Amino acid sequence: MRYSELSELLGFPELEATMDEVEDALVRCLTEGSDLLAVPAGRVARGGGKRLRAVLVLAASRALAPSRTHPEHAVRGAVSIELVHQGSLVHDDLLDGAESRRGTATVNALEGYDRAILVGDYILAKAGTMAASVSRLVAEDVAKSIEALCTGQVLEMADVGNPTRTLEGAIVSVGGKTADLILAACRVGAHCVVEDGEVVDRLSAYGHAFGLAYQLVDDVLDLVSTEELLGKPVGNDIRCGVFTVPVLLARDAIGDAAFADDLRASATDDDVAERTMAAVRSSGAVERTLDLARDYAAEARRSLEKIEHDYPDLARLARLPEAYIEWVTTTLVPEGALAPGVAAEIS
């Protein structure tokens, strides 16, 4: 979503200007060091992206303290969370063997595998330093998010190529890989302005549910969107042996050994991978995954209801997950890719 759309939705007219501050601080932080690390890290930072996690830090902070339009702590907190995300992307590109991201060559493609490991570590270290400059609580939030990210990733890796991967196992992995960083973004935003434990816990629950919805939508996009719309290759998960929630739902719906065999072969045979993705799309699993994502979005909204009377601006933040799903499915999904009933319901 564009900052103008987010600004209107969140009632945050200063969002774009504040995100410019985040962007400047992000690049400045990464380019203060040895050129061998700073140059590729700076290229990663300038590569763009939705910056959703940074936006959530600022939005949570502002919703809890609207009279403080963009406290310096919130800007640095947003940078720290975005640094964790950027560092994780460098490592993801290594694990996937990706040569480009958003049209820009990856670190491993230009500087090589070994350097990319160090660049990813460098960015994560910068995240820790930036978080510590805000507060001990924010530093703990960031450290825990990195721990969760590693746990989620290793759980996913343990099931690579496994056609019997459980749906529950996939959700747990998503919780660590994606949801806990969005949780941390909301938690950092809260910790920048309040100390109330219930408020922080409610925002944490919101962030976790939003993160699950976000990843499920991303899994759908990998199956139905295009590289032109997303700015990155699609169909990577199946080709890498990562069987996501829509694939597992399709497996259970189709229920035959031939589909499981195709899953095993998809990593080495592109024709089989294409056939498998087509089977997933025609099984109804994409639409069921979007239904599940909407359930998590509704859960996120409910998480904030008990504290909205004290912080009325949270009502706008509460609507974001559902608005995000609508925006994705009407902007990044090609026409005709969803079942007609689902497309009508979303629009």
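User: Happy to dig in! What covers the buried residues of α7?

Analyst: In this predicted model, the buried residues of α7 include Y122, I123 and L124. Their cover includes α2 (15-30), α3 (35-45), α5 (72-96), α6 (107-110) and α8 (136-158).

User: Nice. How far does helix α7 reach from its first C-alpha to its last?

Analyst: Helix α7 spans residues 113-132, which gives it 20 residues. At 1.5 Å a residue, 28 Å is expected. The reach in the model is close to that, at 29 Å.

User: Which residue does E111 meet in a salt bridge?

Analyst: The side chain of E111 has its partner at 2.8 Å, N to O. The pair links distant parts of the chain, 68 residues apart, with E111 in the loop between α6 and α7 and the partner in helix α3.

User: Is E156, which forms a salt bridge with K177, buried or partly exposed?

Analyst: E156 sits in helix α8 and K177 in helix α9, with their closest N and O atoms 3.2 Å apart. K177 is partly exposed at 24%. Buried means under 20% relative accessible area, and E156 has 13%, so E156 is buried.

User: And for R275 and D262, how many residues apart in sequence are the parts the pair ties together?

Analyst: R275 and D262 form a salt bridge with closest N and O atoms 2.7 Å apart. Because R275 lies in helix α15 and D262 in helix α14, the pair ties together parts whose separation in sequence is 13 residues.

Terms used. Residues numbered from 1 in each chain as written. Predicted model: local features only at pLDDT ≥ 70, side-chain atom pairs only at ≥ 80, totals over all residues. Heavy atoms only, no water. Helix = DSSP H or I, 4+ residues; strand = E, 2+ residues; numbered from the N terminus. Expected span 1.5 Å × (residues − 1). Buried < 20%, exposed > 50% of the residue type's maximum accessible area, 1.4 Å probe, protein only. Contact = heavy atoms within 4.5 Å. Salt bridge = Lys/Arg side-chain N within 4 Å of Asp/Glu carboxyl O.
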